[in-house]
Amino acid sequence: MVPVSYIDSNGGETWPSSLEDSYYNDMDPGYLIAVSSDENSLKSDYGHSDYLPTAGTKYRLAYAQDWVSVLKRYASQGVNAAIEQSDYDTIMNIFDQNGVS
């Protein structure tokens with residue numbers, strides 16, 4: 001869900017190796033989503049300001065909610081799981097458009 005390189009460039013480089021291993025192997029719901037190879041290529045290691053799923057508005061909302069959930073889960077373990085301002089702004093716009101606070 002949240003690319004490893006995104007995590008690494010937004011605080012993950014300071015995570016203990018045991019937590020990194022946990023993140024790399026996380027199979028909790030919402031962490032990995034099966035997509036086509038074309039969609040995966042489009043997503044690459046981008047955040048929300050550079051990539052949104054092509055599947056439509058409701059899927060974009062679920063994608064944004066899952067992204068935030070993953071970051072919160074790791075931030076709750078006492079590590080930095082920052083989100084870039086441009087991605088935050090995009091996510092908040094998605095939430096606003098869908099009446100989510």
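# Working through the rings, a pocket and a salt bridge

With a relative accessible area of 5%, Y63 counts as buried; the term means under 20%, while exposed means over 50% and partly exposed lies in between (1.4 Å probe, protein chains only). This is a predicted model, in which local features need pLDDT of at least 70 and side-chain atom pairs count only at pLDDT 80 or more, whereas totals for chains, interfaces and linings use all residues. Residues are numbered from 1 along each chain as its sequence is written, and side-chain values use heavy atoms, with hydrogens and water left out.

**Exercise 1.** Find how many aromatic pairs there are, and work out what kind of pair Y23 and Y74 form.

*Solution.* 
- Step 1: start with the rule. Rings of Phe, Tyr and Trp (its six-membered ring) pair if their centres lie within 6.5 Å; planes under 30 degrees apart are stacked, over 60 edge-to-face, and the rest tilted.
- Step 2: count. This rule gives six aromatic pairs.
- Step 3: classify. The centres of Y23 and Y74 are 4.9 Å apart with 80 degrees between the planes, an edge-to-face pair.
- Step 4: Y23 belongs to helix α2 (residues 17-24) and Y74 to helix α4 (residues 57-75), so the pair ties together parts 51 residues apart in sequence. Helices (H or I, at least four residues) and strands (E, at least two) are DSSP runs, numbered from the N terminus.
- Step 5: check the cover. Y23 and Y74 are both buried.

**Exercise 2.** Now take Y51 and Y63: why do they count as edge-to-face, and which cluster do they belong to?

*Solution.* 
- Step 1: the ring centres of Y51 and Y63 are 6.0 Å apart and the planes stand at 80 degrees, so the pair is edge-to-face.
- Step 2: Y51 sits in the loop between α3 (37-43) and α4, and Y63 in helix α4, so this pair joins parts twelve residues apart in sequence.
- Step 3: Y51 is buried at 8% relative accessible area, and Y63 is buried at 5%.
- Step 4: one aromatic cluster is formed by Y6, Y51, Y63 and W67.

**Exercise 3.** Describe the largest pocket: what is its volume, and which helix gives the most to its lining?

*Solution.* 
- Step 1: define it. On a 1 Å grid over the protein atoms alone, a pocket is an open set of points with protein on both sides within 12 Å along at least five of seven lines, whereas a cavity is a set where a 1.4 Å probe fits but cannot get out; lining residues have an atom within 4 Å of a point.
- Step 2: the volume of the largest pocket is about 320 Å³, meaning the space filled by probe spheres set on the points, which are joined across faces, edges and corners.
- Step 3: 19 residues line the largest pocket, and the closest to its centre are M1, I33, V35, N40 and K43.
- Step 4: α2, α3 and α4 each supply at least two lining residues, and α3 gives the most, with three.

**Exercise 4.** Locate the salt bridge and say which residues form it.

*Solution.* 
- Step 1: the criterion is a side-chain nitrogen of Lys or Arg within 4 Å of a carboxyl oxygen of Asp or Glu.
- Step 2: the structure holds one salt bridge. R73 forms a salt bridge with D26, and their closest N and O atoms are 2.9 Å apart.
- Step 3: the pair links distant parts of the chain, with R73 in helix α4 and D26 in the loop between α2 and α3, 47 residues apart.
- Step 4: R73 is partly exposed at 22% relative accessibility, whereas D26 is buried at 6%.

**Exercise 5.** Look at the backbone of S44: is its phi positive or negative?

*Solution.* 
- Step 1: most residues other than glycine have a negative phi.
- Step 2: S44 is not a glycine, yet its phi is positive, at about 50 degrees.
- Step 3: S44 lies in the loop between α3 and α4 and is partly exposed, at 39% relative accessibility.
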